[in-house]
Amino acid sequence: MCLGIPGEVIEFLPDQPDLARVDVSGVRRVINVGLLEDDKLEPGDWVLIHVGFALSKIDEAEAAAALQFLEGIGQAYEDELAALAESRIE
Amino acid sequence: MKFVDEFRDADKAHALAARITALCEPGRQYKLMEVCGGHTHTIYKHGLEDYLPEQVTLVHGPGCPVCVIPMGRVDDAMALASDPDVIMTSFGDMMRVPGSNGSFFDAKARGTDIRMVYSPLDSLKIARQNPDKRVVFMAIGFETTAPSTAMTVLRAAAEGLPNFSVFCNHVTIIPAIKAILDSPDLRLDGFIGPGHVSTVIGCRPYEFIARDYGKPVVVAGFEPLDILQSIYMLMLQLSKGTSTVENQYSRVVPWDGNPVALRAIGQTMELRPYFEWRGLGFISHSALAVREEYARFDAERLFSVPGVRVADPKACQCGEVLKGVLKPWECKVFGTACTPETPIGTCMVSPEGACAAYYNYGRLTRQRVREASPS
């Protein structure tokens with residue numbers, strides 16, 4: 001629950017600009033990006049995601065480092081990814 | 001990918017450890033608290049204490065949101081969930097936390113409608129799909145998850161959703177740190193500040209620790225080298241006799257936090273006069289409740305909540321572990337009656353709990369050897 005997982009912004013939902021489709025380790029899901037409205041996100045940007053919300057914008061190197069770290073911790077990250085895969089907020 | 005390789009580099013860890021050792025004054029013991037459960041997890045996963053000199057001890061703090069939920073609140077949630085009109089939703093971490101009459105998982109097995117969700121927004125969707133039911137989201141967590149609950153309430157309000165509410169158990173980290181600083185049980189020399197909480201609140205809220213208590217604080221990232229670097233930064237301050245707040249995790253944490261998130265929390269929630277924390281007791285202004293303006297999304301106003309106080313099981317010493325007074329393995333039931341499969345206390349439930357981290361990564365033997373040998 002407290003893991004921040006990195007995702008790449010793929011696209012924004014046309015009718016709901018505070019929702020974006022992101023790619024997290026190959027899992028594509030819709031998350032809320034309303035907390036980063038000051039950051040002027042664009043497709044290709046990386047964000048750290050907590051419980052379905054992008055909480056901070058990060059650069060690609062940080063995303064790669066965070067991802068490698070998370071893959072190293074094993075079960076907790078797998079559980080988080082499985083939960084994300086089940087998530088349907090739109 | 002050079003960046004990643006650098007972080008994986010054990011040589012760098014040893015080099016940092018040597019610099020930390022060089023800063024130790026002879027005969028002085030250093031106790032540093034990592035506040036955040038995510039840091040505790042990294043420390044045990046990577047055996048970071050093995051790199052540190054004997055003079056430096058890491059003390060595990062209260063920053064595990066599941067661990068600090070008192071049993072009474074679990075029982076209150078269970079009472080809400082037992083209403084046949086209610087669908088209770090909860091994060092997965094919460095599902096195994098024991099109440100007096102079992103966990104959410106146990107209640108679910110008995111037929112209570114409790115559903116695990118990834119995001120509070122999933123609960124909104126469940127509410128839209130079940131207009132004849134009342135969906136209650138069990139909101140837990142520090143400032144890392146409070147903004148998501150706040151944004152969800154705002155969205156429910158914008159949609160005019162009539163059957164969604166929040167059972168709010170959000171807690172705030174600063175009063176807990178202050179309670180630990182004021183506790184006579186423990187003398188700490190410095191703090192490894194939480195990473196993700198700080199993306200929301202920023203670094204300024206920690207300034208009182210440096211100013212009023214004279215203890216340095218370094219906000220840290222979650223990589224093993226982030227934590228060792230932060231310990232080095234703390235030791236450098238201690239060797240110079242300074243106490244300031246530093247941000248080792250500036251690549252993610254802005255000094256002023258996330259103003260949009262803070263606004264959303266402020267708009268929908270207010271501080272409670274007091275709240276009970278497992279092991280730490282009642283702490284003033286340490287938790288959030290839904291504001292009156294959003295009363296129709298507040299389960300505590302919509303339902304009759306028993307509000308019972310339940311003493312923790314006698315054998316369980318989570319309180320001492322959460323305050324850093326006891327090491328997990330010093331608890332009488334650690335690893336015997338209390339395991340991740342059959343937890344008695346909350347610290348054994350969450351992967352961020354100190355007991356679960358100890359248990360899962362086999363630090364037990366080494367710790368016992370170390371504690372048994374005279375230093």
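In this predicted model, helix H8 of chain B has Ile173(B), Ile174(B), Pro175(B), Ala176(B), Ile177(B), Ile180(B) and Leu181(B) as its buried residues. Because 7 of the 10 residues of this helix, which runs over residues 173-182, are buried, H8(B) is largely enclosed by the rest of the structure.

Helix H6 of chain B, residues 120-129, can be described in the same terms: 7 of its 10 residues are buried, and it is therefore largely enclosed by the rest of the structure. The buried residues of H6(B) are Pro120(B), Leu121(B), Asp122(B), Ser123(B) and Leu124(B), together with Ile126(B) and Ala127(B). The axis of H6(B) comes within 9 Å of the axis of helix H7 of chain B (residues 146-159), and the two cross at roughly 25°. An angle under 35 degrees counts as roughly parallel, so H6(B) is roughly parallel to H7(B), and the crossing of these helices is right-handed.

Rolling a probe the size of a water molecule over the atoms shows where empty space is left. A search of the whole structure finds 2 cavities of 30 Å³ or more. The largest cavity holds about 80 Å³ of space, and its lining includes Cys316(B), Cys318(B), Cys331(B), Cys338(B) and Cys355(B), as well as Val333(B), Phe334(B) and Met348(B). By class, this lining has 10 nonpolar and 2 polar residues, with no charged residues.

The second largest cavity holds about 60 Å³ of space, and among the residues lining it are Gly37(B), Thr40(B), Cys64(B), Cys67(B), Leu322(B), Cys347(B) and Glu352(B). Helix H3 (37-45) and helix H14 (318-323) of chain B are the elements that give two or more residues to this lining. Its make-up by class is 6 nonpolar, 4 polar and 1 charged residues.

Most residues other than glycine have a negative phi, and most peptide bonds are trans. Ser25(A), however, has a positive phi of about 45° although it is not a glycine, and Ser25(A) sits in the loop between strand S2 (16-24) and strand S3 (27-32) of chain A. With a relative accessible area of 35%, Ser25(A) is partly exposed. Val51(A), also a residue other than glycine, has a positive phi near 40° and lies in the loop between strand S4 (46-50) and strand S5 (53-58) of chain A. Since buried means under 20% relative accessible area, Val51(A), at 1% relative accessibility, counts as buried.

Notes: Residues numbered from 1 in each chain as written. Chains lettered and ligands numbered in written order. Predicted model: local features only at pLDDT ≥ 70, side-chain atom pairs only at ≥ 80, totals over all residues. Heavy atoms only, no water. 1 Å grid on protein atoms, 1.4 Å probe; cavity = no way out; pocket = protein on both sides within 12 Å on 5 of 7 lines; lining within 4 Å. Points joined across faces, edges and corners; volume = space filled by probe spheres on them. Nonpolar A, V, L, I, M, F, W, Y, C, P; charged D, E, K, R; others polar. Helix = DSSP H or I, 4+ residues; strand = E, 2+ residues; numbered from the N terminus. Buried < 20%, exposed > 50% of the residue type's maximum accessible area, 1.4 Å probe, protein only. Axes fitted to C-alpha atoms, helices over the stretch in contact; angles between N-to-C directions. Parallel < 35°, antiparallel > 145°, perpendicular 65-115°, else oblique. Left-handed = near helix turned anticlockwise from the far one by under 90°.
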